[in-house]
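Hi everyone, thanks for having me. Please take a moment to look at the picture, and then we'll walk through it together.

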Amino acid sequence: MNQLQPVPGKYAWTVKVGEKGQFVIPKEARDVFDIHPGDTLIVLGDVERGIAIPPKGALDEIHRRIYEAESEAGHERHSD
């Protein structure tokens, strides 16, 4: 039987969901992704693709893109 070889930079962990819907991010994952107590993470969900927790900096990137889009839309309204 062939065993899958790990792919550099790719990880998978299992977690159990508690009664309140909470789970603990495994220590190895916290170390790899530099997650510390008190950090704010964003949880994304897609009915077909599942749940994802992007890197911590992703929240800043999402905010930047939203504000850029709003700014561009505002310029388009004013140039009409």
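**Salt bridges and a surface patch**

Let's start with a pair of charged side chains: arginine 64 and glutamate 61 make a salt bridge, and their closest N and O atoms are 2.3 Å apart. Before I go on, please keep in mind that this is a predicted model.

How accessible are they? Arginine 64 is partly exposed, with 38% relative accessibility, and glutamate 61 is partly exposed as well, at 27%.

Now let's move to another helix. In helix 1, which covers residues 27–32, lysine 27 and aspartate 31 are four residues apart, so here too the separation is about one helical turn. Their side chains meet in a salt bridge, at 2.9 Å from N to O. Is lysine 27 buried or exposed? Its relative accessibility is 52%, and exposed means over 50%, so lysine 27 counts as exposed.

The next pair is arranged in another way. Aspartate 39 and lysine 56 form a salt bridge, with 3.1 Å between the closest N and O atoms. Where do the two residues sit? Aspartate 39 is in the loop between helix 1 and strand 1 (44–46), while lysine 56 is in the loop between strand 2 and helix 2 (58–78). They are 17 residues apart, and the pair links distant parts of the chain. Aspartate 39 is partly exposed at 30% relative accessibility, and lysine 56 is partly exposed, also at 30%.

Let's finish with side chains of another kind. Which residues form a nonpolar patch on the surface? They are Val15, Val17, Phe23, Val43, Ile51 and Ile53, and together they have about 570 Å² of accessible area. Let's pick out one of them, isoleucine 51, which lies in strand 2, residues 50–52. Its relative accessible area is 71%, and the cut-off for exposed is over 50%, so isoleucine 51 is exposed.

Definitions and conventions
Residues are numbered from 1 along each chain as its sequence is written. This is a predicted model: local features need pLDDT of at least 70, side-chain atom pairs count only at pLDDT 80 or more; totals for chains, interfaces and linings use all residues. Side-chain values use heavy atoms; hydrogens and water are left out. Patches are made of residues with over 30% relative accessible area and no salt bridge: like charges are joined within 9 Å, nonpolar side chains (Val, Leu, Ile, Met, Phe, Trp, Tyr) within 5 Å. Accessible areas come from the Shrake-Rupley method with a 1.4 Å probe; for residues, only the protein chains shown count as cover. A salt bridge is a side-chain nitrogen of Lys or Arg within 4 Å of a carboxyl oxygen of Asp or Glu. Buried means under 20% relative accessible area, exposed over 50%, partly exposed in between (1.4 Å probe, protein chains only).
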